[in-house]
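Dear colleague,

Please find the structure below for your records. A summary of the findings follows it.

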Amino acid sequence: MHELEAIILAHEKSRQKGKATFLATIVNTSGSTYRQKGAKMLVYETGEMVGNLSGGCVENDIFQYTQRIIQEPLIIEYDATQVEEDLIWGFGLGCNGAVTILLEKLNQLDNFSPLSLISQCLNTKKSGAIATIFSMTREIDLKIGSRLILYPDDTTDTDLQDRALVEAIAHDTIRAKASQKSTVNQYQLLEGSIDVFIEVIQPPHSLIVFGAGRDALPVVTLAKAIGWQVTVVDCRALPETYQRFAIADEIILTRRDILNQQLSINKNTAAVVMTHNYLDDFEIIKWLLPTSIPYLGVMGSKNRIASIMKKLNPTLAQLKKVYSPIGLDIGADTPAEIATAIITEIQAVLAKRNAGFSKYRCQPLHAKETIQKKTNKRIR
């Protein structure tokens, strides 16, 4: 189950039982950190937790802070820029890293809870964005935790009152959603400045597996284990597929009539073709090539896929998204190992990474991001 799905489910259960819950969100980072901006953790009043923010004891420390919160959100900062200090305290932030965490008590009547937006994004399989104030100079009469929400249907809602400030934040939130990149912006007002974390909420990756043989099961199982939404399409239309792939989110039985199936394809979707049937593969690839899908992996030999490509005559752009032979070159042999090679290749492609060894990477694993300062005379 995806981490965000687990948090939503856990919160719903706690709400039904009338238990208090708290949401901790990393709103800013600097240096090397274990988790990046947007990472979330749900904390029960009993100390149970869903999700994590570090590789050390930040989680337990956060729980201690929940005992102090009544209603108002709280900003907590951890700084491990001195390696020795992190070793002593064991926060597990990462070498030379610092994080800023927003801790807030979840109110059942709060229409601006980030969990409401996250739930919509998961249900609609579309992205949204949420802008949250997490820092300001003392002279400014605003509240930590005030928000502007951009829903999947592009409508907005906010608990901020200043029209000029709302317009400025809304403009940047729309841009962040369009670029699919979260950011931290600083806005200059007459009284001082405010820092806003603009977080893009993206639904889990979607994987469509064409083929329902035994070798497809490890692919589906691994994809589900890391929280992807998985659809299995069985061109043999065998009823036992429902039982074998019960873990999948959706199962479609069809006899090559792919064009009539209601399959959602977008830039967050990957497809793996492993029917082991030339004619089925041909029709599936023919249908997928013109779509916006960024990854189309095909199981089979180079000669086999070359024969299909010769008949389909794809454009260079279409050919670029075809991966065959499928999977990273990790020396995979067993079905489970091959599934690992496939899933890691998909992850690399969707994340736009080259899938090389991290030890040889010259750049940081996570791109450094500077605070974007916005100066707008119309704001206050």
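A search of the whole structure finds nine salt bridges, a salt bridge being a side-chain nitrogen of Lys or Arg within 4 Å of a carboxyl oxygen of Asp or Glu. This is a predicted model, in which local features need pLDDT of at least 70 and side-chain atom pairs count only at pLDDT 80 or more, while totals for chains, interfaces and linings use all residues. Residues are numbered from 1 along each chain as its sequence is written, and side-chain values use heavy atoms, with hydrogens and water left out.

One of the salt bridges joins Glu3 to Arg35, with the closest N and O atoms 3.0 Å apart. This pair links distant parts of the chain, 32 residues apart: Glu3 lies in helix H1 (residues 3-16), and Arg35 in the loop between strand S1 (21-31) and strand S2 (40-44). Helices (H or I, at least four residues) and strands (E, at least two) are DSSP runs, numbered from the N terminus.

Arg15 and Glu12 also form a salt bridge, at 2.6 Å between the closest N and O atoms; both lie in helix H1, three residues apart, about one turn of the helix.

In the salt bridge between Asp234 and Arg236, the closest N and O atoms are 3.5 Å apart. Asp234 is buried, with a relative accessible area of 1%, whereas Arg236 is partly exposed at 40% (buried: under 20% relative accessible area; exposed: over 50%; partly exposed: in between; 1.4 Å probe, protein chains only).

Ala98, in strand S5 (residues 97-105), is buried at 13%.

Yours sincerely
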